[in-house]
Each structure stands twice: as C-alpha cells, then as structure tokens.
Amino acid sequence: MLADERTLDALDFASVRARVVTATRTHRGRARAEELTPSTDFSLVRLEQARTEAIRACVVAHDLHVLPAIETTEITRGAVLGRTLAPSELRGVGDALAAAAAAFNALREAMTEVLAPLVAGYTPLRDLQRSLIDAIDERGTVLDRASPALARIRKSMQQAQSDARDRVAAIVRGERYAKAIQDAVVTIREGRFVVPVKAEFSGEFPGIVHDTSSSGQTLFIEPLAALEANNRLRTLRLEEEREVQRVLETLSRGIGAHADAVERNVEMLAAIDLLVAKANVARAMDAIAPELTDEAVVHIERGRHPLIAQSVVPQTIPLDGGTQLLVISGPNMGGKTVALKMVGLFVAMTYAGMQIPAAIGTRIGHFTYVVADIGDEQSIVGNASTFSAHLQRMREMLERAGARTLVLVDEIGGGTEPGAGAALAIAMLEHLLAVGAHGVVTTHATELKLFASGMPGVTNASVRFDPQTFRPTYHLDLGAPGQSLAFPLAQALGIAAPIVARAQALLDSRERDYESALAELSLRAAELQTQRDTAAHERRTAEREREALALDRAAFDAERTTFADRAEERLTQSLRDFTSELQRRAEAAQAARPRVTAAQSALLAKTAQEMRKALGITEAQGPGDGSGALAPNDRVRVRSLRQDATVIDDYGETVLVAIGHMKTVVKRSDVERTRSGSQGSTKRRSPEAMRRGADAKMEAAARTIGELDVRGKRYVEAEPVVDRWIDEAILAGNSPLRLIHGKGTGMLGRGLQEFLRSHPGVKSVRYGNEDEGSGGVTIIELR
C-alpha cells in the first residue's frame, strides 16, 4: 500500500472519497468509489490521471453523464442457473444495458487512446435491451406489447370484464331483488363480480356466496346469471398468468444466454461512472491535473485544502529543488497542520486518479510510501495519542523510510520534556535526510528552527499572523521560522497583564532576545510577503486587463471589417441602381445606348471615393496598372466604381469603357489593367486598330459558351461576370443560356434573376426543370 489506513484517516482521505461516492450514479460505480484507494503503481497513476482528464473534457464538451443502473451480478448468475427473474429485475437489467449503450455512444464521439481500453469489451445487445424495456415498464409491470398473445388475452379480458360487470350491474339495478340487496353497488371478491346481499334474504337470492362482512349482516353473492361471464373472465386471467410467466421465462433465458456480455457492459459502465464522478468532483473544486514526474518531489502551487468550506487562502509548498524537508513553525491556530495535511492529501488524491485544487505548475512525484503521524488534538478522526504511541509511529517511519518516502509529522518530538524531545526530533530528521526521504514537520521547538536554518536540504517556513491583532492570516511564508506568540496570545485571550509580565521576566534572557529578533524578522518577512502578494495581484490584474483589451480590439476589428464589407456591398448596389436608372431613362427617351458624360462619370467617381473614405473602406490595389496604351476589348478595373470594364477607346488622359451595357468616360489614372488584349499606341484609332477591335469581338463571340457556373461567389462578384457573359452570348448569338448558381439560401439566384430581368438583351428568365437542374439553375432566353 502507498499509505496505511492510519495515514489515510489522518489525512481525511475518506472525506474526499465520499464526494466521489456521492457523485456516482450506478450501484457498481458506487461500490468502486467506496473502495477507492491510492495506487502503488505509478504507471497506473499516470493512466488514471489521463483518463480523468479525458473524461472531464468529454463532460464539458459533450455533456457526458451516466444514467442510473442496478447491480446485475446476482441477477445474471440466477439467469444462468435457470431462475425465472422478476419483472423488476428484468427491467433493471434493461435499464443498465441502456445506460451502458448511452455511455459507449457518448465516448465513441470523443474517443482517445487512453479511453479506448475502457470500452474494448463492450458488446452491443440492442435486441435484448429493446425486448426487456419494451416488455416491462419502470414499475415492473409486464406490458401488453410483451407478446401478441398477451395483448390478445388482455383485450379479451377487458371485454369479458365489461360483460360480467354489466350483468351484475343489471341485477343490482333491477326491481326483483331490490329488498334483498344491501347496497346498490357491484364489488369484487376472489376476482369475481358479486352483489352485497342482506343475510336474511340469502335464501331468496340465487347465487354462490364468496364472502361475508365482518358483522355477518352482508353476504357477497355471485349471481347465477353472471356465473358464465365470471368463469370466462377467470379463465382469461389464468391464461394471462401463464403467458406472463412464459414471457418472463423467455426474457430470463435471453439474459442467461448473454450473461457474460451483460456483465462486461455493466463493468464498463461502472468504470465510466467512477471517472465521470471524479471529473464532476474536480470541476466542483476547480481542480487541475497535476504534472507527474518520476522524481520523488512535491511542489504545490497555490493549493487549497478541499475540505475547508470557508474562503481558503492558497498555499505554495515546495518539496523540490534544494528543499528535502520543510519545518513549519508558528503559533497554534495558524494553519500549520492544515498545510501539512494538504501535502499528504494531494499526493493521496493524485495516486487515486483524482485531480487536486491547485494552480498550474503543481507537480507530484513518484513515491512508494507515504506515512503521517498527526497528534490527537489535530486529528479529525479523533484517535488518542501518547508520547509512546508517537515514538512507535516514528520507529515505523524510520525503519521504512527511503528515497521515495514522504513523511508528515505534526509536532515532532512533542509530548515530553522539550529539550529531550527537540534533540530526538533533530536526530530523526538527520536520519531522514541521510536516506533521502522528503517530508513536512511542524514544531514549536526553537532548536528545530535553528537546525532548519543551518542544515542544507532543510527549509524553515512559518504561518503568518497579523502583527497588530495577532489573528492568523493562514499564509505560509517560506524561509523564515515562526514565533510562538505565547505572550501576545495570552494577553489577547484575557490573561491578566501582571501574570504575562511575570512570565516574560521568568524567561531566560537569551530566549527573550531570540523571540525579540524572531518577532522583528517575522514582521519584516510578513511585510515583504504582503508587498510581493500585492505586486503579483496587480500584475495578474494588469495581464487580465491586457488580454481583455486584446479581445476587445480583435472584436472591434472584426466588427469593422464586417461593417466595411456590408457598406461596400450596399455602395456597389447603390451605384448599380444609379446606372440602371440612367439606362432606363435613356431607353425611355428612345436612346439606343445609355451614355454618361465625362463630367457625370467624374462626379460619380468622386462621390463614391468620398463615401468610401467616410466609411473607412480602403480601395484594394490590384497587381495591374494603367500604364501603357489600352486597346479595345482590354479588360480593366475601375477603382472608384469597383467594377470590371471593357475598354472601348483610349483618349489618352481619359478612357471610354463599357460596364455591362453602360458606357462611361473615366480618368486614365482610375483604371488598372486586369487582362491584356491588343494595345494601341495613339489617341486616334487607326483603321488597323478598328480591324483588331472587330477581330477581338469575333474572338470573344467564338469563346462564348452556353453555360456559366457562379457557385461559391457572392452576388457582388457574380453580377459583373454574368453581365460580361450575356454580352458575349449576344455577340455570338447563343440562346438559350444555362446559369448555374446553386440553391443554398437562394439569395444569389434571386439576385441574379432580378438583374437579368432588367437586362435589355434578355427576353425571359426561369428556373430550370428537374432534368435541367431545378432551383439551382436559371435558364435565360436572349432577344
């Protein structure tokens, strides 16, 4: 064993284990939790810690929980031996199988390497589970659907019962026997419908007596007229009993045939139940998985004792590096024993596969023996202790102590003459140092404080008290021994001042000097620790604020980007609506093509640029530029309008471009080349340039295809592509056309259809038929 029962009791391990027991949901899981003890196999400790962490992640991410389940061992054993199981037992097995299946399916979604062995033995028993749950309800009642024969019998029983009741009720309501009937009610005796008849009229009422009242004044008689109906009902009830028995026997044989698989599934469920209970207890304690190391060390970072209900002061306790033994001193009620117990309890919890309430950076090493000796005044279980018992316990520790031993002793060397006790304690600590053991001890002895100050591998620690009120702060200060504070505490607790003064006078002068120096040292150490704690708190606060500001900035940038995208899309749509309105008015005036003047184009570009600047939208610069001559049919990007266009003519400082069916003049500096075509070199178009422009149009027409796929694009990206495609199709004379936009939310298809209906070159628009692509395709007829 890693630790004996006395040590575990002294550390209050059972109280922590009880929390795990309470958190379990299955009978077998609860039994496992009640037997939970620290393991001696460090590889198993690593495995259980990894499993607890993996299950905790599943609990958080997938809301993993375990359904209740009964213990099935005796039930399956009886089924194997041929016993017919009770309905409640059968239903319990069905519920256990359902709980195991639910746990298996939940883990399968988040399976890890450490959890896989847990479910390796699981066998799906869907048919058996379904037959049990379908046949028997939660109250243990065999349901009609348990078998077709049972359903038929019970339906016949309902009819027979109704007939028998009606026959008896008719007799009760009739005038013939009204004087003989005691109460005009129909009742049941021995499963048969009877009539309550007055005793004096029993000879006048034909029937069979089944019962009498306690007074003997009333006889319960089955009328002869209802005898046949009652007999039929009785026969059906016997058939029901036989069919129910047959169903129970069949289900019991099914469990017996699969007994091994049932037990493996329930065993898997119990293992998962225990791990989920550990994970839930860890979450409740805000615990972490400690770092495990092969060294025999303990380093607790801001640990909190799990059994202290009130606000806990975190403690950092190092038993690593240069500290092999930690000697904690200071007055009573300051938290020395709590700190000592926390070290041992954290090791025990870790070795039991439980997480511990501490901060990241906590390390638990490889120990083979943990032993504690805690005085009766501090023992939660209340064991009596004498100096001889203390010595016997210390002998056990010293005999078994080794390099992987953790020793925890409260008030070492206490219970006898102080000088002799301190000397004995120092000798024991020297032996523990020699064998390489680690440990924590508490003391009031000055000799031990001096020993710890001058011995390598031993570190003093003290519990801090408020120097003004002498109340404990429950902080642990490393590196300095603690005061006993006997005299200040005596005064604070009401001991008369003259008595305290006399006690101080009786104290040896060297002791007074030592206590005075120690008091000053403790005061300065407390002040420094307070300053360090304040600085650390301020540093953590600043770090949290910095992280919060970073998150706020990221959220702001994301919101700004989203707003810019939406603003750009709305601006582009507004410009498109504007040009469409110009086109509509031009067509209304019977103009062949809408024509925008250079001044209008410049004003439109300037307005768009100012709107973008006001909205904080930066114009993306493409890789192309407007340098060099532009030839007809060159593809360019108009930056101010954020539209692709086709060059019609190059005027030098300005360029005539076509954006869909709209022509406009833009500044040469406002365009960038996106696709090279033929290039001219003069302001005026020569006949050769005109011929090349016509050839380019013919080439574009030849390249035109009757189908275009714009799936995955936004409307603002797809619309100019579709516009260019329609222009090329008109040149090529291709019609009808097939536009593939996909279904999705439908917004892209609806937007493109609205655009196409307003296009002057489009005759009609419709969604495709089933063989054409249905709602994910638009069929276009050109004029």
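The paragraphs below lead through helices, strands and side-chain contacts of a predicted model.

Because the model is predicted, local features are reported at pLDDT of at least 70 and side-chain atom pairs at pLDDT 80 or more, while totals for chains, interfaces and linings use all residues. Residues are numbered from 1 along each chain as its sequence is written, and side-chain values use heavy atoms, with hydrogens and water left out.

Helices (H or I, at least four residues) and strands (E, at least two) are DSSP runs, numbered from the N terminus. A residue is called buried under 20% relative accessible area, exposed over 50%, and partly exposed in between (1.4 Å probe, protein chains only). Of the 27 residues of H11, 21 are buried, so the helix is largely enclosed by the rest of the structure. Just after H11, Asp286 takes a positive phi of about 55°.

Side chains of opposite charge can pair when their charged atoms come close. Here a salt bridge is a side-chain nitrogen of Lys or Arg within 4 Å of a carboxyl oxygen of Asp or Glu, and the whole structure holds 33 salt bridges. In one of them, Lys278 pairs with Glu48, the closest N and O atoms being 3.8 Å apart. Lys278 belongs to helix H11 and Glu48 to helix H4 (residues 42-62), so this pair ties together parts that are 230 residues apart in sequence. Lys278 counts as buried, at 4% relative accessibility.

A further salt bridge joins Arg673 and Asp634, at 3.2 Å from N to O. Arg673 is in strand E19 (residues 671-675), and Asp634 is in the loop between helix H19 (598-615) and strand E15 (635-638), 39 residues apart. Both Arg673 and Asp634 are buried. Elsewhere, salt bridges that share partners join Arg28, Arg32, Glu71, Glu263 and Glu267 into one network.

The next region is an open sheet of 4 strands, in the order E1-E2-E4-E3 with antiparallel pairing. Two strands pair if DSSP finds at least two bridges between them. E1 and E3 are the edge strands, each pairing on one side only. On average, neighbouring strands of this sheet are turned by 50° against each other, direction ignored; axes are lines fitted to C-alpha atoms, for helices over the stretch in contact, and angles run from 0 to 180 degrees between N-to-C directions. E1 and E2 run antiparallel and are joined by 3 bridges, and Thr187 stands opposite Val194 in E2.

Glu222 lies in strand E4 (residues 218-223) and Arg192 in strand E2, so the pair ties together parts that are 30 residues apart in sequence. Glu222 is buried at 1% relative accessibility, and Arg192 is buried with a relative accessible area of 11%.

Strand E10 (residues 369-373) is mostly covered, with 5 of its 5 residues buried. In a regular strand the side chains alternate between the two faces of the sheet. In E10 both faces are covered: Tyr369, Val371 and Asp373 are buried on one side, and Val370 and Ala372 on the other. E10 pairs with strand E11 (residues 405-409) in the parallel sense over 5 bridges, and Ala372 stands opposite Leu408 in E11.

The charged end of Arg400 sits over the ring of Tyr369, 3.8 Å from its centre. For this description, NZ of Lys or CZ of Arg must be within 6 Å of the ring centre and within 35 degrees of the ring normal. Likewise, the charged end of Arg189 sits over the ring of Phe220, 4.0 Å from its centre.

Rings may also meet one another. Rings of Phe, Tyr and Trp (its six-membered ring) pair if their centres lie within 6.5 Å; planes under 30 degrees apart count as stacked, over 60 as edge-to-face and the rest as tilted. The count is 3 aromatic pairs. In one of them, Phe104 and Tyr122 have ring centres 4.3 Å apart and planes at 20°, so the pair is stacked. Both Phe104 and Tyr122 are buried. Tyr177 and Phe205 form an edge-to-face pair, 4.9 Å centre to centre with 65° between the planes.
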